[in-house]
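Me: I have a structure open and would like to learn how to read it. Where should I start?

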Amino acid sequence: MEKNKASQDSIKILNRRSFIITTIGLILSLIVSIRLFSLQILNFNFYQKKSVENKVAVKATAPLRGDIFDNEKNLVAANASLYEFVIYKNLNKNYMDEVSKLNKLIKLDLKISNISEKLKSFNAYTPFILSRANWQQIVEFEKNKFLFTSVKIIESKKRYYPHKNLSQIIGYMGKSSDDKHLYPKGVFHLEKTYDELLQGRPGKILNEVNSRGKVIREISIEEPIKGNSLELTINLKLQNYAQSVLPLSNKGSIVVLNRFDGSILSMNSNPTFDAQVFEDRDNDTINSLLNDPEKPLFNRAFTGFYPPGSVFKPIPALLGLKKNMINEKTEVFCSGSTSLADRNYYCWKKGGHGIVNLKKAIKESCDCYFYELAKKINIDDLSDLATNLGLNSTYNIGLSNAQKGLIPNKKWKKSNLEQGWYQGETLITSIGQGYNLTSPLQLASMYSALLNGGKFPSPKLIKNEPSKYLGEELNPNDQKAILNALKAAVQEPLGTAYKLNLDNPNFVKIGGKTGTSQVVRIKEEDREDDLYKTKEIEDRFKDHSVFVGYAPIDDPKYIASVIIENGGSGSAVAAPIAHKVLNFAYQENV
Amino acid sequence: MFKDFKSLLNINWIYFFILLIIFWVGEINLYSAAGGNLEPWAINQMKRFIIFLPIVFFILLLQPKFIFNITELILIAVMLGLLITLFFGYTGMGAKRWIRVGGFNLQVSEFAKISLVIFMAKYFHKLNAQKTIGLIRSIIPLLISIALFLLVAVQPDLGTALIILILGLVAIFYAGIKLIYPILSLLLIALASPFLWTLLKPYQQNRVMIFLNPDLDPLGKGYHIIQSKIAIGSGGLNGNGFLEGSQSSLDFLPEKETDFVFAIFSEQFGFTGSLILISIFLIFFLIPIFKTFKLTQVFNKIILFVLSFKIFFEFLINVSMTIGLLPVVGVALPFMSYGGSSLLSNMIICALLMNLMSVEEKKRMFS
């Protein structure tokens, strides 16, 4: 009985303990349930997002880049097919063997260790690009195709530039520096400026992938949208013609402008380059282009800045007329030189021009007339007027490396040279030498301003871009006086460019101004030296030959601005080239 | 040795049906783990279940008295099995855990749990005259628990070993050891844990750190837990639906058919499904527990209580692993994880429980 009692007590203990353990078990299940509540209800959004991130892979597909046309709808930049050797890791375990085999067979010059390193962490189901494939390589590969299971050839797109002469305007494409861009983007000139417009919208393929990145199914496809096309103001025929008349022996450039709307009809620079080499990754050629001392990538029409020489003279003349310092009848005696503050300033014509009025001063390009005028001119007024008439301004026409050039004033000299202004410098400035720096495009714009009566359309390269007007109204009589003189410079005997009419009497009649831009300042004693006059000065010290002209003379539409570096005098070299180009533009009615 | 065949009709049918439900849920889960395929897991698990059924019937028919008599034999057999495993075991996943028996890879440690509990049940049954159990009387069960713990721990299989040790301790506690000892030992462990931490090798400490923050090693050891939590969390309230679990079908979830079956279940059936599953296991746990209150024989009580607790406890441990409450220690989800030894041992346990729940107790049952 005792024992039985003890046994019953012991049973009670067991039942009590059972209660404790069961309670602990219930508490544990409660903890588990709370944890599940936290994961599945409270943090559901977080984990659902994670789950989607796990299984959905977004693949971007490159859009076709927009085409570029000239002003007559000729294709000047397009898309072309491109073939590439790629490798799929999932198709062969020993994929690196195949890479080595391919490298040996096709002689691709691959960096095997480099590729091996990159491939290690590369998705097995995504093609890894080994190299571009040209036709011979494709043929060689196809012959030996049975040797490969993981190497394939895929087609993609590259940029195609059919006309080399537009490279200086269109620019080229390059690798994008940020990782977000999966495909090349424009890195130079119009390709760069209008990249956003041209690039189009990439397509998106949403794939469901498993943990190894294998595509299980397509969730959705968003087709890529081709980029917008671009129509240029450039006329392909004129562009090619102008390039052909630029002398190969000298660096130089030509810009042709439509003065009515500012359209740049052609813009050439010599030497030039072929943008296609950048697309074809022709590294040797690219390196030689980048290191060429002749700077073939440099667009001299837009970024080449030179002293304008005598083509600048209409500006001081207009200022003199405007400020009543001179009128059309004012006469100056040119003896070949004049002096100011004990310094002599020489006319280019050693014996002098004799009695000179405004028309003669421009027509025969008399320096003395402008020296005398410049003695009364405030340099700040001259600089302001030049700026209003298209010089000293930055033109954002879509090309890279836009610059302002320079027409000096007092403030500029103070802050850059920390010196006050001397009136003698105004004399030099007014004949287009000294600190003046202008680009061929700026000079063309300046003549557009003269022809348009002061307000002129800003130059542009994109056809449907509305014309923006710059400048300030000129007094019509002043304008007429200047244009008369510019006409006389070509059409009347003794005009600096009169020879053009004699050489090509059938060409369109033009007006214009010659200029000779000094490369080295000629010292007084050199002037006396016979050596200067002979043609034997070293080429790189020869003057730049400048001409700005317009045609047809009665109702001008075309303006041509030409510079031939180290070409000598403007009348001899630049003027005939401008005449040819203006004639071509006129005859072809571009 | 055997009961009357008719006694089979007296089993607790509710318990039996719940067992079938749990197994069936496990089958559906394995089917979905294979992406809606019976191959390779669901069909194999079903075959095993059918092959093991005769063993269940055999155990159901055994007289409790017979089991009572052979407890020591079973314990010795299991210990021998563990030793054989250690010396001649089949190595897999860096551990010697299995021996080959008639075409099966048998994980003896699973059966060590049963043998330990049965042995303890008999041991404490014999002490049943004692009102309370002191430290001295607990020493033998404690030593045997520790021996089994060590034999399994050196395989190495720390998870199973810890379960064995815990079952041993639960049995001793349930049998009525004076409360002062468990309380003292808990205090001791709490005080010694900083010291124990320094005893751990750096890689072991590292594992614990990664468990506490899986993001320390998202592609390595933390990967399992992270992916499992994503699967469960993305299940939401009602789940993604049957066969719609992307974490599972796209192979983001590793070891989905064994340790992480719960994640697959929960991804498909959500919080609601998980709560229902927990409830089913809870009822399954409580049915034998309620029965113990009506029983007077210590042998029956301990077996019913501790083995029923074992199934529920393993369920909780496994789920806690998949939801990041416990480190991944390799404890299977009863009846749902793919694997023969776990299934067989749990079927044997359920057979034992059903057997004991159906006996009419007599006073001198085991004397």
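Reply: Start with the contact between the chains: 36 residues of chain A and 43 residues of chain B take part. Two residues are in contact if their C-beta atoms, placed from the backbone, lie within 7 Å. This is a predicted model, in which local features need pLDDT of at least 70 and side-chain atom pairs count only at pLDDT 80 or more, while totals for chains, interfaces and linings use all residues. Residues are numbered from 1 along each chain as its sequence is written, and chains are lettered from A in the order in which they are written.

Me: Which element gives the most to the side of chain A that touches chain B?

Reply: Helices (H or I, at least four residues) are DSSP runs, numbered from the N terminus. On that side of chain A, helix 1 gives the most, with 24 residues.

Me: Which residues touch the most other members of the largest nonpolar core?

Reply: In soluble globular proteins, nonpolar side chains tend to be buried together. A nonpolar core is a set of buried Ala, Val, Leu, Ile, Met, Phe, Trp, Tyr and Cys residues joined through C-beta atoms within 7 Å. Here the largest has 117 residues, and A:Ile254, A:Val256, A:Ala574 and A:Val581 touch the most other members. Apart from this core lies another, of 103 residues, including A:Leu39 and B:Leu19.

Me: What does A:Ala574 touch, leaving out residues up to four places away in sequence?

Reply: Among its contacts are A:Phe547, A:Ile564 and A:Gly567.

Key:
Helices (H or I, at least four residues) and strands (E, at least two) are DSSP runs, numbered from the N terminus. A residue is buried if 20 or more other C-beta atoms lie within 10 Å of its own, exposed if 12 or fewer, and partly exposed in between; C-beta atoms are placed from the backbone.
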